[in-house]
Amino acid sequence: MLGNFIYSNPTKLYFGDDSLKYLADELKKYGKKVLLTYGGGSIKKNGIYDDVIKILNDCGKDVYEVPGVMSNPTVEKLYEGCKVAKENDVDLILAVGGGSVIDYAKGVSVSAHCESDPWEKYYLKMEEPNNKIIPVGTVLTMVGTGSEMNGGSVITNHEQKLKIGHVFGDDVMPKFSVLNPKYTLTVPKYQMTAGLFDIMSHIMEQYFSNTDDNTSDYIAEGLMRSLIHSSRIAVKDPQDYEARSNIMWTATWALNTLIAMGKSTDWEVHMIGQAIGAYTDATHGMTLSAVSLPYYRYIMKNGLEKFKRFAINVWNVDPKGKTDEETASSGLDELEKWMNDIGVVMNITDLGVKDNMLDGIADATFLLDGGYKTLTKKEVIEILKNSKKG
Ligand code: NZQ
Ligand code: ZN
């Protein structure tokens, strides 16, 4: 562990199938006016909405609602939420949903009282908030992003063809999150699978950087092993509570800042995935699965030792009689097998990417230098071409 860092994570978690009962205790800490935000209606179908509303009413809250937060929330929707939050001077934003709803709540939290245009300030210029921040609490219903315990807020601007994430600090991270694995049992299989890959990708993005011996990498390997095990069970039987519960907990720890400690971290797969998202509005996890193997195969030689370790420690590849390169390659082959087993999208063609978009996607891809290789635009295009069907 050669890096220097400060670690803190202010989000309080309530985990388990009885965890919603603690919501009332949390609500008491905030003023009367609560902005309740949620997605396209799943929480009304599965009853979570009624349960949350009852608790809000019992606590005597005035509830303002912003429903209809779409997957990959847009900048227009952000402005709508800001208006409601500001006009009513809300004391708390309660996000009930998946990563999109929670990311959105954080976006509104920093933007409602912002004097300038929040898209420009937070997403284009990456400035930090210097205005009032509205506290956010969450009830998580879909697993994958880790948004329940991090400062990430990803917003899409379709007009500008950009999807950008800002990772805000402690002040913006949820004050509390209610994690009930039962809530995830109604998530459609496609979304569940996308979430599974999103978790894996978050861990790999942090794992595949640096060469020092780092505790974070050992934790990452444990998380990946747990995810691989539970994901196989969940794909066969999505109603398996134990598997879904482990997946929920793994997702949170995959991206709540812990395993990034002491690491430069890569995130290039996410940068390419987000650019694809800006062009296609595809499901986040699937944008990552479509490009991961071509990306990792492209950079493998630059981080050979870590890819070899990945093969041995995560996938139980036997290195005997193999060159380092063969061992490392076998690890990526195992990753590919697992991806096929759980059924993620394996190419960008199936996400709706057309040849005439490749240049624009490459332009919209931020090129980062935390991983084993800093790509050029030309290399991004090559990786995209390798991610096409056939
Ligand atoms: O909108 P509703 O009707 O609620 O349906 C949602 C949505 O269609 C549905 N769903 C959620 N919980 C459900 C459910 N359906 C039935 N039962 C339930 N219990 O699932 C669909 C997907 O939800 P969404 O929130 O969009 O998915 P996810 O959690 O994957 O979030 C994706 C967003 O998070 C961003 C992504 O870019 C994307 O915009 N990310 C946020 C990150 C962060 N904060 O750190 C990091 C990630 O890498 C990611 O970029
Ligand atoms: Zn992700």
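**Links between parts of the chain**

Modeller: Asp 89 and Lys 132 form a salt bridge, with their closest N and O atoms 3.1 Å apart. Asp 89 sits in the loop between helix H4 (75–87) and strand E4 (92–97), and Lys 132 in the loop between helix H6 (118–124) and strand E5 (136–140), so this pair ties together parts that are 43 residues apart in sequence. A salt bridge here means a side-chain nitrogen of Lys or Arg within 4 Å of a carboxyl oxygen of Asp or Glu. Helices (H or I, at least four residues) and strands (E, at least two) are DSSP runs, numbered from the N terminus.

The model is predicted: local features need pLDDT of at least 70, and side-chain atom pairs count only at pLDDT 80 or more, while totals for chains, interfaces and linings use all residues. Residues are numbered from 1 along each chain as its sequence is written, chains are lettered from A and ligands numbered from 1 in the order in which they are written, and side-chain values use heavy atoms, leaving out hydrogens and water.

The whole structure holds 23 salt bridges. The domain assignment gives domain 1 (12–183) and domain 2 (189–386), with bounds from an automatic or database assignment. Their C-alpha centres are 27 Å apart. Where they touch (heavy atoms within 4.5 Å), domain 1 contributes 26 residues and domain 2 contributes 24.

How much area do domain 1 and domain 2 bury between them? The value is about 2,200 Å², 66% of it on carbon and sulfur atoms. Within domain 1, Val 143, Lys 161 and Lys 163 lose the most area to domain 2, together 26% of what that side buries. Buried area is the accessible area (1.4 Å probe) that two parts lose on being put together, summed over both.

Between the two domains there are zero salt bridges.

On the side of domain 1 that touches domain 2, strand E1 (12–15) and strand E7 (162–167) each supply at least two residues. The largest share, four residues, comes from E7.
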